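I opened my notebook today to look at how two chains sit together. Here is what I looked up, entry by entry.

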2 protein chains.
Amino acid sequence: MSRWEPNAPARLAQAAMELFAEAGYEETTVARIAERAGLTERTFFRHFADKREVLFAGSSELEALFVDTVAAAPESAGPMQAVAAALEQASGWFVDRRTFARARQAVISSHSALTERELTKMARLATALARALRERGVEEPAASLTAEAGVAVFRVAFERWTAPREKRPLGEIITEALGELRTITSE
Amino acid sequence: MSRWEPNAPARLAQAAMELFAEAGYEETTVARIAERAGLTERTFFRHFADKREVLFAGSSELEALFVDTVAAAPESAGPMQAVAAALEQASGWFVDRRTFARARQAVISSHSALTERELTKMARLATALARALRERGVEEPAASLTAEAGVAVFRVAFERWTAPREKRPLGEIITEALGELRTITSE
DNA sequence: GCACCCGATGTCAGAGACTGTCATCAACTA
DNA sequence: TAGTTGATGACAGTCTCTGACATCGGGTGC
């Protein structure tokens, strides 16, 4: 038997989500989060670079999914088609996660510091996508623009998907948004 | 004669730029910035919400320029044309500011906390643009998508414009990027 | 000209995020 | 059995940011 309870990062992440939802982000101290997880403040900072980061542990997983899908797209696919394929994959990933996603988005929207961190994650995603496109032979600035536009579509669609009375699946909203983007830019 | 030296915010902003460039963002304390400006730390926080904000004082001015230009575009102009007009205006605003812009971008790129704040400013800009478009009668999600795509073009173009050996004017780079965006999305 | 208020700043104390450093101790390894 | 490793605890310290109250030159009403 191990000396400590396993999964310290996951326990910290769950404690943080609960406390942020119960009492608010500002009002929750890191010491309090660590206490609920049965750890100390110092250990929190060994697992997460800062207080905000605890809400974004899964984002690298999503990034990998995007990148891998772009890399795996058929050679014949254009850059936007490759990105569209990645958006499709992402919508699959989020199926069955809508309730959690809504709760998490509510917490993030409640404080600008968290919104700010989410923007950083989206920017990371765009950078990673651009690199994946360049590795497919797409030149700059097309690679960066496609990546940025793709992430913009994802962000707008995701926001609608987590809106209160929205029922449609994410994939459908993304497809619609991609169509809108095409209409807009052809004007 | 006034009781204090005038332009406290401007003095703080200049002191901050100098110190960040000389010693680095992390290494520079707010107390040190205030000292160079002949003020106290407490006064710094009366003028700027946090340490990062001191580098982004001018961003609301740029935002207003964007919004006003979109609002002033001819009724016949489509959403992307209105945003393109705003991008044109912005390139005019930055003429004669290239050296300063390069120095500022160098500081911002040097620390993730500053990059993060810049992303927030860009997101604000996109939100403001989307609102301006809706006031022109553009529906969602077209308004948000056009705004996001426009800001993506601006960001990509601005980054190229401040790159080391780049000589072309911002307007030219923006026009090129807009063309690229059209090509990409029509695939 | 005088009493009064206003607004920008200073002073001080304190909470909370984050870091460096060293100690602890179960599990593993030679 | 002795030594090493790796996750954690303990503790002190720095820095960001906030609240509360004091200061005082300049303008305002009279």
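**Entry 1: a salt bridge across the chains.** I started with one pair of side chains. B:Glu116 and A:Arg52 form a salt bridge, with 3.5 Å from N to O. I kept in mind that this is a predicted model, and that every value I note is computed from it.

I then asked how many salt bridges there are between chain A and chain B. The count is six. I also looked up polar contacts, and ten residue pairs are in polar contact between chain A and chain B, both residues being at pLDDT 80 or more.

**Entry 2: which helices take part.** Next I checked which helices of chain A touch chain B. At least two residues each come from α5 (79-94), α7 (112-134), α8 (142-161) and α9 (170-185) of chain A. The most come from α8(A), which gives eleven residues to that side. I sorted the residues on the side of chain A that touches chain B by kind: 14 are nonpolar, five are polar and eleven are charged.

**Entry 3: the extent of the contact.** I noted a general point first. The size of an interface is often given as the accessible area lost when the parts come together. Here the area buried between chain A and chain B is about 2,800 Å². Carbon and sulfur atoms give 65% of that area. The contact takes 30 residues from chain A and 30 residues from chain B.

**Entry 4: how the copies are related.** Do the copies meet through the same surface or different ones? I found that 100% of the interface residues of chain A are also interface residues in chain B, so the copies meet through the same surface.

I then looked up the superposition. Chain A is superposed on chain B by a rotation of 180° with 0.0 Å of shift along its axis, and the RMSD is 0.1 Å. The two copies are therefore related as by a two-fold rotation axis. I also asked which residue of chain A comes closest to the rotation axis. It is A:Ala149, with its C-alpha at 2.9 Å.

**Entry 5: A:Glu116.** I came back to position 116, this time in chain A. A:Glu116 lies in helix α7 of chain A. Is A:Glu116 buried or exposed? A:Glu116 has a relative accessible area of 5%, so I wrote it down as buried. Leaving out residues up to four places away in sequence, A:Glu116 touches A:Arg52 in its own chain, and B:Arg52, B:Glu116, B:Arg117 and B:Thr120 in chain B.

**Entry 6: A:Ala126.** I stayed in helix α7 of chain A, where A:Ala126 has its place. A:Ala126 is buried too, because its relative accessible area is 3%. With residues up to four places away in sequence left out, A:Ala126 touches A:Ala147, A:Glu148 and A:Val151.

**Entry 7: B:Ala72, for contrast.** B:Ala72 lies in helix α4 (residues 59-72) of chain B. B:Ala72 is exposed, with a relative accessible area of 64%. From B:Ala72 to B:Ala49 I noted 23 residues in sequence and 32 Å in space, C-alpha to C-alpha.

**Entry 8: chain A as a whole.** I finished by stepping back. Chain A has nine helices and zero strands. Buried residues make up 49% of its 187 residues. The C-alpha atoms of chain A fill a box of roughly 55 × 35 × 30 Å along the principal axes. Among contacts in chain A between residues at least 6 apart in sequence, 64% join residues at least 24 apart.

Conventions
Residues are numbered from 1 along each chain as its sequence is written. Chains are lettered from A and ligands numbered from 1 in the order in which they are written. This is a predicted model: local features need pLDDT of at least 70, side-chain atom pairs count only at pLDDT 80 or more; totals for chains, interfaces and linings use all residues. Side-chain values use heavy atoms; hydrogens and water are left out. Contact means heavy atoms within 4.5 Å. Buried area is the accessible area (1.4 Å probe) that two parts lose on being put together, summed over both. A salt bridge is a side-chain nitrogen of Lys or Arg within 4 Å of a carboxyl oxygen of Asp or Glu. A polar contact is a pair of N or O atoms within 3.5 Å; within protein, one must be able to donate a hydrogen and the other to accept it, and residues adjacent in sequence count only if both atoms are side-chain atoms. Helices (H or I, at least four residues) and strands (E, at least two) are DSSP runs, numbered from the N terminus. Ala, Val, Leu, Ile, Met, Phe, Trp, Tyr, Cys and Pro count as nonpolar, Asp, Glu, Lys and Arg as charged, and the others, Gly among them, as polar. Buried means under 20% relative accessible area, exposed over 50%, partly exposed in between (1.4 Å probe, protein chains only). Copies are superposed by least squares on the C-alpha atoms of residues with pLDDT of at least 70 in both.
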